[in-house]
Amino acid sequence: MRKPIIAIDGPSGAGKGTVARAVAHELGYHHVDSGAMYRAVGWKAVHDGVPLDDEEAVATLAGRSRIEVTATSVTIDEADVTRAIRTPEIDRAAAAVARLPKVRDVLVEGQRRLGAGGAIVMEGRDIGTVVFPRADVKIYLDASPEERARRRATDPAHSGGPAAIADVASALTARDEIDRTRQASPLYAAQDAVVIDTTGKSVTEVVEEAMQVIDEKLKGKRIWQEGSSRPRGRVD
Ligand code: C5P
């Protein structure tokens with residue numbers, strides 16, 4: 001009996017990482033940050049001097065590299081890039097390589113493999129639209145551009161020195177624009193996704209809202225009855 005797949009999509013700074021991690025913890029599922037894979041490929045391309053618009057070369061690099069994303073670390077070919085991929089330079093490099101269809105093909109295949117067994121919460125931009133169009137639950141998180149910029153500017157996972165919110169806001173807007181308007185798998189909410197606006201809400205509120213959506217969607221499905229061992233209680 002298949003276990004559920006939960007897709008969480010949305011733009012940067014909408015709270016996907018925090019919420020996906022908390023929901024996965026609450027359900028006892030694996031959490032996969034698909035953005036970390038694009039970041040790792042962007043990092044490696046920069047590191048190896050591969051032009052970010054050379055689709056063949058970047059796709060070959062992606063196909064040859066061993067990328068591992070765990071709850072606490074990201075490695076590519078044994079290099080630990082957990083922190084190195086959270087910089088403004090790699091923000092841009094990841095968005096650049098993510099535009100390339102052949103690179104996406106490689107990473108989407110890997111993401112589908114990771115999700116094949118279910119019991120997974122995967123976050124990204126195209127998880128509900130392309131990677132798992134038949135995901136059991138699709139959530140699209142959004143927030144106002146100001147709030148997203150503020151969160152990103154104060155996110156300790158993102159290095160690169162203290163950043164002015166105005167600078168972060170313009171970089172974020174530029175990256176959003178690339179993600180939303182690219183030809184290959186642009187960012188948008190799947191037609192059957194539940195949209196949660198996280199503006200002005202606490203993490204606890206958003207996680208509770210997401211858990212309600214998940215409970216509602218999985219209620220009555222046999223996969224839920226069979227697979228459920230979900231501990232009750234809040235994640236604070
Ligand atoms: O989520 P995060 O900001 O770490 O993602 C980095 C970049 O990877 C995004 O700007 C986006 O271009 C790309 N991405 C994507 N599809 C995904 C996840 C991330 O195109 N499923």
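This is a predicted model: local features need pLDDT of at least 70, side-chain atom pairs count only at pLDDT 80 or more; totals for chains, interfaces and linings use all residues.
Visitor: How many residues surround the ligand, and which are the closest?
Guide: 16 residues surround the ligand, and the closest are Arg-39, Arg-104, Asp-126, Arg-175 and Asp-179. Residues are numbered from 1 along each chain as its sequence is written, and side-chain values use heavy atoms, with hydrogens and water left out.

Visitor: What does Arg-39 do with its polar side-chain atom, in Å from the ligand?
Guide: That atom lies 2.6 Å from a ligand oxygen.

Visitor: And how far is Arg-175 from a ligand oxygen?
Guide: An N or O atom in the Arg-175 side chain is 2.7 Å from an oxygen atom of the ligand. For Asp-126, a side-chain N or O atom is 2.8 Å from a ligand nitrogen. The protein buries 97% of the 450 Å² that the ligand exposes when taken alone, by the Shrake-Rupley method with a 1.4 Å probe.

Visitor: Which helix gives the largest share of the shell?
Guide: H2, with four residues. Helices here are DSSP runs of H or I, at least four residues, numbered from the N terminus. H2 (34-48), H4 (88-97) and H8 (165-181) each supply at least two shell residues.

Visitor: New topic: is Glu-147 buried or exposed?
Guide: Glu-147 counts as buried because its relative accessibility is 12%, and buried means under 20% (1.4 Å probe, protein chains only).

Visitor: Where is Glu-147 placed?
Guide: In helix H7, residues 145-153.

Conventions:
Buried means under 20% relative accessible area, exposed over 50%, partly exposed in between (1.4 Å probe, protein chains only). A residue is near a molecule or strand if one of its heavy atoms lies within 4 Å of it. A polar contact is a pair of N or O atoms within 3.5 Å; within protein, one must be able to donate a hydrogen and the other to accept it, and residues adjacent in sequence count only if both atoms are side-chain atoms.
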